[in-house]
Amino acid sequence: MAAITIRELTKVYPGGVRALDALDLDVADGEFFALLGPSGCGKTTLLRTVAGLESATSGTVALGGADVTRLPPGRRNVGMVFQDYALFPHMSVLDNIAYPLKIKKRGKADRHARAAEAADYLGLEGLGRRRPGELSGGQQQRVALARALVAEPRIFLLDEPLSNLDARLRLEARTFLKRLQKELAVTTVFVTHDQAEALALADRIAVMEKGRIRQLGTPTEVFRRPANLFVASFIGSTPMNLLPGRVEGEHVVAAGAVLPLPEEARAELPVGEEIVCGVRPEYLDYSDRPADGAFAGRVSVVEHLGGSALVTLDVEGEPLHVVVGEGREPEPGDEGWALPRPGRVLLYRDG
Ligand code: ATP
């Protein structure tokens, strides 16, 4: 059974902003699920509506098959970790962690034992008496996770859980979070606007735009086969090259390069169709010699990334980015060719 079932969920805030627009989503039991998208696309609203912190304008939310759309947050058995962790500054680490058990009116000894156990589990041994202000960002995050955990929620909701950490801690916390989620096997939905985080952590990702899901898939699917131009331009640490082109016979001509048109695309893309041709900088092979089916241009910029370089070719007035291996970087002004790897060119209808 799906852990979370969302149907036609719409949220219109007072003032008229439509943050969620008839959104459908199923999250499977035990899944680590990411909501990814640009600022303002409705990620936090979706999370808060599942938690019951925002009411739905219309549509339904079911948890484990039971409709919770009208239930208050306290009766949904959902653990939420906020971006700023929302710890109580005047309480010790252990009291912070034990807080949900106090609300549930558990006995003092039980509360303390379970809070201490959760603190140990999250690597907070010896920090129980400190206050949140005396902890690092990473430790505060663990306290917030421990606090959500002790209540044994059936669903974990994390709002930008790593955004307060510096780059090094972030990587460490990411690995930790992934291990924790797999060990506990608790259905987890997390919000991020950092695609590297979503790609690294999630079993599946929903890419959102304007209150809707534009693509839902595994990290590999979303990265390799973006379903539309929005996802194609949004996903990828160096953005995908998107070049205007045209179908001509059994080929596509884009920025001067003649590329094969895959057989399965022929029915959909008739001759003369204006298209956009997408190819990731990682999937282009750079050469200083001409090659059939390569984009030809002149090198305008070479950026060293450490281990590789991002080369910008000026191809018929369009910039084309190519990742080039260490030691093979050209010089600005050189003539260069970029050959797409087989099967790596994506074709989108224009508009
Ligand atoms: P970010 O990545 O910036 O946190 P988000 O994808 O989480 O963005 P939301 O916070 O869900 O987006 O906001 C979605 C839309 O709803 C935005 O246009 C936002 O301005 C609007 N919005 C959010 N909260 C409220 C509110 N309480 N009242 C009115 N409008 C709101």
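How do the residues of the shell around the ligand divide into nonpolar, polar and charged? The points below take up this question first and then turn to the rest of the structure, which is a predicted model.

1. The shell around the ligand divides into 4 nonpolar residues, 8 polar residues and 1 charged residue. Of the 13 residues around the ligand, those that come nearest are Tyr-13, Ala-19, Ser-39, Thr-44 and Thr-45. Helix α1 supplies the largest share of this shell, namely 3 residues.

2. Helix α1 spans residues 43-51 and lies across β1, β2 and β4, running at about 65 degrees to β2. The helix is mostly covered, since 8 of its 9 residues are buried. The buried residues are Lys-43, Thr-45, Leu-46, Leu-47, Arg-48, Thr-49, Val-50 and Ala-51. Just after the helix, Gly-52 adopts a positive phi of about 90 degrees.

3. An open sheet is formed by 4 strands, in the order β2-β1-β4-β5, and its pairing is antiparallel. The edges are held by β2 (18-28) and β5 (66-67); each has a single partner strand, so one side of each is left without a neighbour in the sheet.

4. Thr-5 stands opposite Ala-62 in β4.

5. Strand β1 also contains Glu-8. The phi of Glu-8 is near 50 degrees, a positive value in a residue other than glycine. Most residues other than glycine have a negative phi.

6. Lys-210 belongs to the loop between β9 (204-209) and β10 (212-217). With 15 C-beta neighbours inside 10 Å, Lys-210 counts as partly exposed.

7. Which residues of helix α2 are buried? In this helix, which covers residues 93-103, they are Val-93, Leu-94, Asn-96, Ile-97, Ala-98, Pro-100 and Leu-101. Among the elements that cover these buried residues are α3 (108-121) and α4 (137-150). Lys-105, which follows α2, has a positive phi near 60 degrees.

8. At the level of the whole protein, the domain assignment gives domain 1 (2-234) and domain 2 (241-349). The C-alpha centres of domain 1 and domain 2 lie 39 Å apart. How many residues of domain 1 are in contact with domain 2? There are 5 such residues in domain 1, and they are in contact with 5 residues of domain 2. By class, the side of domain 1 that touches domain 2 has 3 nonpolar residues, 2 polar residues and no charged residues.

Technical notes
Residues numbered from 1 in each chain as written. Predicted model: local features only at pLDDT ≥ 70, side-chain atom pairs only at ≥ 80, totals over all residues. Buried ≥ 20, exposed ≤ 12 C-beta atoms within 10 Å, placed from the backbone. Helix = DSSP H or I, 4+ residues; strand = E, 2+ residues; numbered from the N terminus. Contact = placed C-beta atoms within 7 Å. Pairing = 2+ DSSP bridges. Axes fitted to C-alpha atoms, helices over the stretch in contact; angles between N-to-C directions. Near = placed C-beta within 6 Å. Nonpolar A, V, L, I, M, F, W, Y, C, P; charged D, E, K, R; others polar. Domains from an automatic or database assignment.
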